[in-house]
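Hi,

Here is the structure I promised to pass on. Have a look at it first, and my notes on what turned up follow below.

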Amino acid sequence: MAGKDDPILVIGGGLGGAAAALALGRKGWRVRVLEQAPEFGVIGYGIQLGPNVFSMFDRLGVTDAVLAHAIVPNAILMIDSVDAGVIARIPTGQSFRARFQRPYIVIHRVDLHRILLDACKTLANVELVPLTGAASYEDLGDRVRVHANDNRTIEGAALIGADGLRSTIRTQMLSEGEPRMTGYVAHRTIVPMAELRADVHRNEVVLWSGPGFHIVHYPLRGGSLFNIVAVFRTSTYAEKGDMAGYRAELDRTYRDSHPAMKALLAMMDLERRWVISDRDPIRHWSQGRVTLLGDAAHPTLQSLAQGACMAIEDAVCLAELIDLAGGDFARAFRQYETARYLRTARVQYESRYLWDNFYHLGGIEREVMRQAWAGRNEQQMFECLAWLYDGFALPDRLGEAA
Ligand SMILES: Cc1cc2nc3c(=O)[nH]c(=O)nc-3n(C[C@H](O)[C@H](O)[C@H](O)COP(=O)(O)OP(=O)(O)OC[C@H]3O[C@@H](n4cnc5c(N)ncnc54)[C@H](O)[C@@H]3O)c2cc1C
């Protein structure tokens with residue numbers, strides 16, 4: 001069995017990779033995180049986090065730091081893009097806290113990332129290695145070897161692919177094609193709160209929903225900033241365009257929208273576009289001494305705002321099992337998949353369902369959906385989300401060896 005000093009290699013220093021490094025590092029395992037970008041954690045927009053992630057933050061020792069940088073919104077509102085009527089309201093204040101014990105928060109991604117990375121930096125056994133993209137790996141039976149893009153080789157005891165939606169590690173392990181394109185794209189912007197029109201909800205997470213498009217917005221950093229995400233279906237999803245082209249597309253897509261929504265769209269910075277993709281769930285994402293986590297393992301649409309939460313749950317679960325298995329990585333990885341695949345698959349499936357049957361409907365289907373949701377009270381809303389927000393029970397012992 002491997003000792004804790006032979007490093008576990010984590011490929012990708014996103015939220016999932018940073019959480020895995022921290023979780024393992026706190027248990028005394030030596031970890032090397034290889035990140036292709038020149039800097040860790042610089043891509044930043046807002047992120048919503050459900051109450052389920054907080055018991056993971058407790059394990060990582062970062063709960064207070066996260067709360068100090070977060071905002072607890074009053075509610076999540078789904079609003080009709082044409083008449084601004086409220087379709088659904090999930091209160092996220094006192095009653096939510098009473099039901100789920102932990103809060104619903106929004107936070108700047110850069111702040112969350114910095115909290116995780118700063119905590120890693122306090123551990124002598126965690127090494128963060130930027131500018132090191134993994135090109136391929138070899139499982140040598142008793143160790144792993146990573147070939148970096150610049151031809152260096154790096155060896156370790158095991159490998160965790162936390163390299164996101166277009167994971168190099170997954171591609172090599174599972175020999176699959178590209179992720180599933182949805183035909184939707186996203187643009188994200190952060191603007192100063194002071195520049196908003198008076199009639200915008202500032203203390204809620206708001207989702208404006210319309211046929212083939214939606215906008216999400218919420219406050220960040222003590223209410224000084226405002227995060228806006230515009231998502232829509234377009235035939236040009238796979239093409240690179242320029243800002244003028246993107247602007248014309250946005251104007252066309254949202255032409256019948258409410259004036260408040262149009263005013264928000266006018267504030268969007270259209271420099272960068274994200275193509276929205278996911279994959280079908282799978283049962284197995286490990287082989288020998290190599291496993292995956294987060295978007296590399298089970299990429300999801302963002303309808304439930306849970307991709308990062310699932311990556312962090314994965315990270316903490318994986319660290320528990322590696323530690324329990326005392327370095328029998330193959331055994332730990334099999335149990336990790338078993339512990340995680342149904343919960344993450346449900347997030348993937350339910351996110352797709354909401355995407356198609358709740359967020360983006362038009363015509364009579366939309367009217368039926370509105371009528372159906374109008375009758376739901378707070379308790380019913382909470383119960384719909386209980387499977388997710390009640391959290392994930394971490395394994396406290398190893399199961400039978402397979
Ligand atoms: C518009 C949008 C809104 C979202 N909103 C939310 C939300 O509100 N709440 C939520 O929980 N989730 C949300 N998500 C999902 C969330 O962003 C992802 O699920 C989450 O970031 C996944 O984390 P990860 O660490 O698995 O992957 P990533 O965050 O993608 O990190 C992967 C890292 O690996 C690095 N990398 C890639 N390839 C290599 C390589 N070959 N070698 C070395 N490094 C490599 C990358 O540079 C990156 O740093 C949203 C997603 C989108 C697109």
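In the side chain of Glu35, an N or O atom sits 2.6 Å from an oxygen atom of the ligand. With Gln36, a polar backbone atom is 3.2 Å from a nitrogen atom of the ligand. Polar contacts here are pairs of N or O atoms within 3.5 Å. On its own the ligand has 1000 Å² of accessible area, and the protein covers 84% of that (Shrake-Rupley method, 1.4 Å probe).

Please keep in mind that this is a predicted model, where local features need pLDDT of at least 70 and side-chain atom pairs count only at pLDDT 80 or more, while totals for chains, interfaces and linings use all residues. Residues are numbered from 1 along each chain as its sequence is written, and side-chain values use heavy atoms, without hydrogens and water.

The shell around the ligand has 28 residues, of which Gly16, Glu35, Gln48, Arg109 and Asp295 come nearest (a residue is near if one of its heavy atoms lies within 4 Å). By type, the shell holds 9 nonpolar, 14 polar and 5 charged residues, with Gly counted as polar and Asp, Glu, Lys and Arg as charged.

One more residue to look at is Ser277, which lies in strand β16 (residues 274–278). Ser277 is buried, at 6% relative accessible area (buried means under 20%, with a 1.4 Å probe and protein chains only).

Enjoy exploring!

Technical notes. Helix = DSSP H or I, 4+ residues; strand = E, 2+ residues; numbered from the N terminus. Buried < 20%, exposed > 50% of the residue type's maximum accessible area, 1.4 Å probe, protein only. Polar contact = N/O pair within 3.5 Å; in protein donor to acceptor, adjacent residues only side chain to side chain.
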